[in-house]
Amino acid sequence: MALIDLSRKEVHCKIVYYGPGRGGKTTNLLYIYNAMNNGVRGKMLTIETKGDRTLFFDLLPLNLGKVNGFDVRIQLYTVPGQTIYEATRKLVLKGVDGVVFVADSLRVRREKNIESFNDLKKNLTEYGLSIEEIPLVLQYNKRDLANSAIPTLSVDELESDLNNELKAITFEATATKGIGVFETLKEISKNTIRYVVKKHLLADI
Amino acid sequence: MDQKEKLNEIRVFTEEVEGTIDSLFNPAKKIEIDPVTNEVREVMPEPVDEEAVEFELESAPSVSDAPSAEESDSVELDLTLELESEVDSSTETTAPPEEWLRKIQEHMMTLEWEVTPEIIENFSHTLKEPITGLPEDIAVLPDLMVQALSILRSETDNSAGSVLPALKLGLQALEKYISDTDHETKAAHATEAAVKALKKIVSGGQDSRESESETTQAQETVQTAGAPSASDIQDHTADLVAGDTPSLDLDEASLGLTPASEGMGAGTTLAEDIMEHLEVLRKSTEKIAPVEALLAGREGLEKLYKLLHGLRTDLESERKKLCQAVGVDFVPVQVEKSAVHPQQSAPAKAAGHESHVPVNEGPEQLFITHCDGVKVAFLPQEVCCHFKASSKMIKKSLKNGSFALAQLKKWPWSKISKLVSGELASLDDKALQKLTLPVKGFQGSEKASSGEKRWGIALFKNNRGAVLFVDDEPQLVAPSKDSESELITLESLSRSAA
């Protein structure tokens, strides 16, 4: 849940990177953490699994500093993508203000993408949120593989599977090389700030 | 503050936050993340690469109202098209090795992630592409890899464990040759190892476990090929380990510790670890030994004794092997000789049971003599004294069924304590003068009436004693194979009496 403390002039938002296992959620955060200036990003909290899957979650706090007298902070979370970690995913999603859905472009992961997306919808609903309402950015990761012999999904197929009705903003990405990573981050951050301000400040007017 | 003012303030705030996001959320440096290990490496700025331009175009947001990540224009699009057509035309004849290798690397990664017929098919297809400039010994690799893939396709469940490492070896050898031309000798080694592993898979004659183990060994060889040589690591490690464990250094090399610094550090740690393990093994063996000794000779605990004895000997044997492997002197743990269980080591003649003193496992020395013409042995730790016995003394003792130690005195003023050893020697003379020991016979007390004996032997241990009369003077000798004798102990005598 976003925190807007007018007395202390603080705005805190929570963005969750959601998606199937091995899709590149942690890689997104790792890229941001390693490529960004030290002054902006905080310490990344992660359970080191030597390239293996996320066991619990990753957390990367970002600090925008003082904006118009407000201390603005954004916390980036990832969820463990594997199906068995359903409870953890739901827990991490609690109080979410914005979601990046990282879809895997590998053709073999097509079903997993859809399954994870439906899982996201279901979990949001259980928290009284709607996927149509919450800020959402879709990231189609591993697009570099589209130029290789590895069978990949086309952007049209990904759109048809995940974004047919929502028409959310999408980015093609190769998280390992940072392509599309910051574009995704900027977009979801702006959308989330707008959403939070609208929801919490405008509602009071 | 009125509503309009408040709305305006919120709008300004939102715009300022968005502006801050735009200015702050940018990469300060270019990095790449290894998709397998998550290892981060910094990428040095390179001159403009056409392929990158092509990809950047594709990575632009697909929704028109999204902020554009990259700019595009028609000139670059033309360039992309030209590049694609170039690649296509070259593939028809022969693909450049680097491009071909990149595809194989991708196939390998996909295959490691998931094994499907489709992936295998694509992999095989790429391997079959004609490649320029591969020498004959390297050129055999793609063929072998294709064959290995066909085995993988036919028996996915059973063969994946051994085929994948072999394929990886093949890939590593190709990488060595194509991208590391300065190390042709090392590439040759890598190729040899890969060909060997792949041939094993293709021949299919080997047991899968054996094949896996050999593949692993070969993989280590390939890794070592690109790393400092075994002798390099050995030299560095020897300095650190102070030359104590020369044979250990070779093992480190075979462990595939690639960077020299890592090799050195790990070498020291490995040596320390092994020495630590050896110490733990020694201490464990030492702890077992007294318990084993305690159980020895205890009736009803033979199985437990056997178990501990086996455990100790196994540990000792493993410790010995390890010591030999690392070039450290092996010092066996000393086990009390009495720890040898009579029933196991000295298949003791427990008075009345046929048994023989074992040669290798028994005590180092025994008192040997004859009793009724039969060669008998006594444990030195039980023998307190032996003495020449007159027929009068024998008769008297046999009549009473006991032997008074006072009879040992040759003169009224001589001291008995000087004539005895072992536990009896610790008693004072007065106590010894009053002490009488039961007289026992060889096959039991009923046969102790023979008056032919000339020597007496007194046994005493743990407040239990006996005197036997024997044919000749007991001699302390080391038991030998060709002089087996029947062992008489206090234990066997008491069992016999019972």
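Select strand E3 (residues 366-371) of chain B together with E10(B): three bridges join them, and the two strands run antiparallel. Strands here are DSSP runs of at least two residues, helices (H or I) of at least four, numbered from the N terminus; two strands pair if DSSP finds at least two bridges between them. This is a predicted model, in which local features need pLDDT of at least 70, side-chain atom pairs count only at pLDDT 80 or more, and totals for chains, interfaces and linings use all residues. Residues are numbered from 1 along each chain as its sequence is written, chains are lettered from A and ligands numbered from 1 in the order in which they are written, and side-chain values use heavy atoms, with hydrogens and water left out.

Within this pair, pick B:Leu366; opposite stands B:Val477 of E10(B).

The open sheet has four, ordered E10-E3-E4-E11 in chain B, with mixed pairing. E10 (475-477) and E11 (486-488) of chain B are the edge strands, each with a single partner, so one side of each has no neighbour in the sheet.

Move to chain A and select A:Lys25, in helix H1 (residues 25-35). A:Lys25 is buried and has no salt bridge. Buried means under 20% relative accessible area (1.4 Å probe, protein chains only); a salt bridge puts a side-chain nitrogen of Lys or Arg within 4 Å of a carboxyl oxygen of Asp or Glu. The nearest side chain of opposite charge, A:Asp58, is 8.2 Å away.

Show the backbone oxygens next: that of A:Pro20 lies 2.7 Å from a polar atom of the A:Lys25 side chain, and that of A:Gly19 lies 3.1 Å from one.

Terms used. Buried means under 20% relative accessible area, exposed over 50%, partly exposed in between (1.4 Å probe, protein chains only). Lys and Arg count as positive and Asp and Glu as negative; His and the chain ends are not counted. A polar contact is a pair of N or O atoms within 3.5 Å; within protein, one must be able to donate a hydrogen and the other to accept it, and residues adjacent in sequence count only if both atoms are side-chain atoms.
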